[in-house]
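Me: Please take a close look at one part of this model, the charged side chains that pair up, and go through them slowly.

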Amino acid sequence: MLHGLANALLSLGVPRVREWLQGRFGPRADVREIAVDGPLLRVAHATLPLGPRMRLEVRTATFEILRGALAGRPEVALASLEGALVAGDAAARFEAPVSFRRDREGERGADWVSGTLVVRGATWTSTQGTVAGAGQTPLDGEVIVRVGETDWSIRRGAFQAGRASIRLAASGDLEGDTVLRHASLEIDGARAGHFVDAVAALTGRALAPRIPLPPDLVLWGTLAHDTRSSQVSLRLDTARSSADLGARVTASGDVEVASLGGTLAVADLPPAWLAEMARAVDLGDAVVRVEARAHGDVARPVVEATFVAPSVSVRAPGQKRFLPPLRLHELRGSLHAGASGADLRATANLEGGGRATIAARLSPGSLEDHDVTICVVDLSPPWAVLLARALGRAVPAALPADTRATVDAHLTATTWTGVLDARTPRSDITLAWRGSRARVEGDLGGSLSFADARALGLFTGPILPRGDGLMSTEGMHLAVDPGGVATLEGTVRAGLVHLDGEGDPAPTLVLSDAAARVRIDGEGLVIEDGHASCHGGRVSVRGRVPFDGAPPGTSLVHVQFARIGAGVLAPLLARPDLGLPPDLALEGEIDVQGGDRLRAEIAVSSPRGTDVLVDLALHREGQISRLDGSTARGRIRAEDALATGLLHEVTPAHGDEVTFEASLAGPMDAVVFRGRATAAHVRLEMASRPEWPGLRLEDVGVHFRVDRARLVWHHLRARVAKGVLASSGLASLAGDGTLTVALMCAGVDLASLPARRDGKRLDDHVRGKLGGELRVDRRDATAHVDARGSFMLSSPDYPVLRRVEARLRSFGLPAPPTAGIEPLRCRVALGRHGLHVAEISARAACAAVEGDLHVGLDGALQGDLCVTLPRAYLAASPLLFVPASLVGGVRVPVSISGTLTRTRVHADLAGALGGLLRENAVTRVVSGAAQELWDTLGGTPPPSPPARPQRRERPPRRDAFDLLLEGDPRGAEIFDALVGCDDPRETLRLVEEIAAPRPRVRVG
């Protein structure tokens, strides 16, 4: 080769040199410039291909022309060179700037290259060699090179790349079988990833098989080779691993000794070294102590290894770092690998419960072909979830905390078989599966409690099954597709189901003989043909419950029900004490929607005419379910209202009917009802006073608001006994007894009021049109009711006066006229001592009455009245004419005692009139005349009585109903205040302010 090059150069023809180079190195070989300078031959811009991927790009080169003694042919020797050794392309490129200087010392006559080769800044494309914070450092160094006719040598080679250094020496032959006779390599801190990248750039392909070296692996040690054997002694270090590797291999390929010992981080192991299940989990920072030895053929060695890990943390793929990992303790195992495959044995204790044993048979050359037996005893819930996810199967996010499972599985390259037995104190499930990686099938049997089903995420929404009820499976089949999506399909049955909502206490709906065809897949639960019995009726269910939720408003589960008994309403209304008619029936449908929303239409009816339609709209805000937007409307019969037990003292009469419209809002356990109720007529009766007549209200209308704590009503209007009744008030429902009522009436005809049960009527004693106001208050449940008000009876008539007609006739008095000539007025006060009627004032043509009356809580009566018979009436009697003309009217004291049922009235009418007759009227007349005569004759007149002080005229107090009944303009203001104010206290304040006396103003 050298002789041919020398002849071409000496011919001084560039075309001939190019032709010679292309003939030897291919069509890419080229030289652009060549010149002879005495004994030197200078070449510039030459390209010398060194294979399909590598080339030597010569910028300048100088050859010395020598005259050889061999056949007189010329020879050349390389004197100097400047250029670059280049390999690859843009995807993977290696470039090393090089220079060569000839060194004649020690040069042999046959050497055409003898000198020092210098490399400055060699770089290459990095893939494995670059890690975070550790970029590539260019390679610098130099080596003494000698190339002769038949052999070559490299000595005193030293290269540096950052902190890494490499020293090398080698020799070999250019011809023959033994190309490399000797080589030695000393490595000090070299990064293995850079070595792999450099080889890939030089050769144009990654190492095959890919050398499983971590990118940040650093090598320390020596490699030596001679014609008999090769030896290696290395320390392999990463930030997490540290191991020593020693081996000696004979020239025939026998491994005389090989050992590996140290700690290896699982994160440093390449994916090809991990079996399928291990790849599916994140072992994190696990570090394993490994001791391994190998012998046999270097191509297929026999490996014996043991490994120990005191503690290994395990995470599922994608598990958040702030969640605690699962831990293995005392992981121990062994590996035996040979030409026929590898056998793996390992045991470990699972933190939280369980012990696992793994036995695996791995086929040679492929870790995908295996035969694995896994046995896990007392598997804890976190490990059960992790194991299922490691197999790529869809499972719930959590299992009940007290779940324990046993797994006995066998995996081969083509088949998967096994049995899973999972149990809690409430449930026991057995799953037997079979299949391959493409598809797994199995049968599920056993029972699952509702509590465990909720923990699995099988139920969601505002109404959930509670308690320790059980579901049993029937024909439940499991199938897993190649994508790892599991589908469970079959029939589920439950003898008794308690569906609980939210609230305190939680409402409960009881189902019996429940069954449904269900399907569970990676997206959630699908219910088909669900049905059950409920309080004498039937319920049907269909729909789906996704594991990951659904957009708000999306229809999920639809429930229809018919002829459900009334017993279901009380718990749903959070009133277990609510009594309802047994023949009350419900029909309707419920639609459970995404976003924890629920829509329902429920019709409630009874044979007596109650018909109510409830439209529920339930949605969740945070942890609170609200009924905002719900409505209720319809009619309620008095018989059904009485059956609830919510009405106590004042009750409607049978046959009455109330129509209402209301809205429902607020949290489910504190619903607010707000609406309006009307009734054509309602007859109210006092349950504790059956002898009292009922009060019939007509054209009733009221606005109300009911919540958990109180009932508020306002704008209550009704016609009563040809009059008007208005009220507003507040009653506590929280058990504290608070009560505030404002009551006003006008024009109530006493003659139109019904009679008592014993036939007695109020208009037998007094008649007229009643008006007035009453304010009722009670501070708490232990306090007495406090009521204050005033009443007026206009156009009064007193038939009771006829009872004293005979007594008056004995004194020559005519029958007393019963018509009143002024309204009857009084004030009432109800307190802890009873009812006090004060400031009674009534006047008829025959009498005027004033006084007070007290009725005790035990019904005792005590009153003192003063009846004044006027002079005009007494003068109608021939017997009393003269005394009455001289004396004036007569005051008759009246005392009342006894009880309400046995009243005693004592009035000394005879004594009062008899005293009038016994008065010596003639003597008084004569005495008066004598006194006048004495005064005429000049006697000293008796002193005049002192003048009575003149009282300051004050305008009379006008009661509110005076103004209403007498047509005063302020009457309209009072009526508006009565029916237009929601607050009873504010109502009374406004009425008192309007009716207050207004001072008279004298003009002039």
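Reply: Arg-55 is buried, at a relative accessible area of 18% (buried is under 20%, exposed over 50%, partly exposed in between, with a 1.4 Å probe and protein chains only). The model is predicted, so local features need pLDDT of at least 70 and side-chain atom pairs pLDDT 80 or more, while totals for chains, interfaces and linings use all residues. Numbering starts from 1 along each chain as its sequence is written, and side-chain values use heavy atoms, leaving out hydrogens and water.

The partner of Arg-55 is Glu-57: their side chains form a salt bridge at 2.8 Å, N to O (a side-chain nitrogen of Lys or Arg within 4 Å of a carboxyl oxygen of Asp or Glu). Glu-57 is partly exposed, with 32% relative accessibility, whereas Arg-55 is buried.

Another salt bridge joins Arg-59 to Glu-82, at 3.7 Å, N to O. Arg-59 belongs to strand 3 (residues 54–67) and Glu-82 to strand 4 (residues 74–88), so this pair links distant parts of the chain, 23 residues apart. Strands are DSSP runs (E, at least two residues), numbered from the N terminus. Both side chains of this pair are partly exposed: Glu-82 has a relative accessible area of 22%, and Arg-59 has 47%.

The structure holds 32 salt bridges. One of them is between Arg-289 and Glu-291, at 3.1 Å, N to O. Arg-289 is partly exposed at 43%, as is Glu-291 at 40%. Elsewhere, salt bridges with shared partners connect Arg-696, Glu-698, Asp-699 and Arg-719 in one network.

How values were computed:
Helix = DSSP H or I, 4+ residues; strand = E, 2+ residues; numbered from the N terminus.
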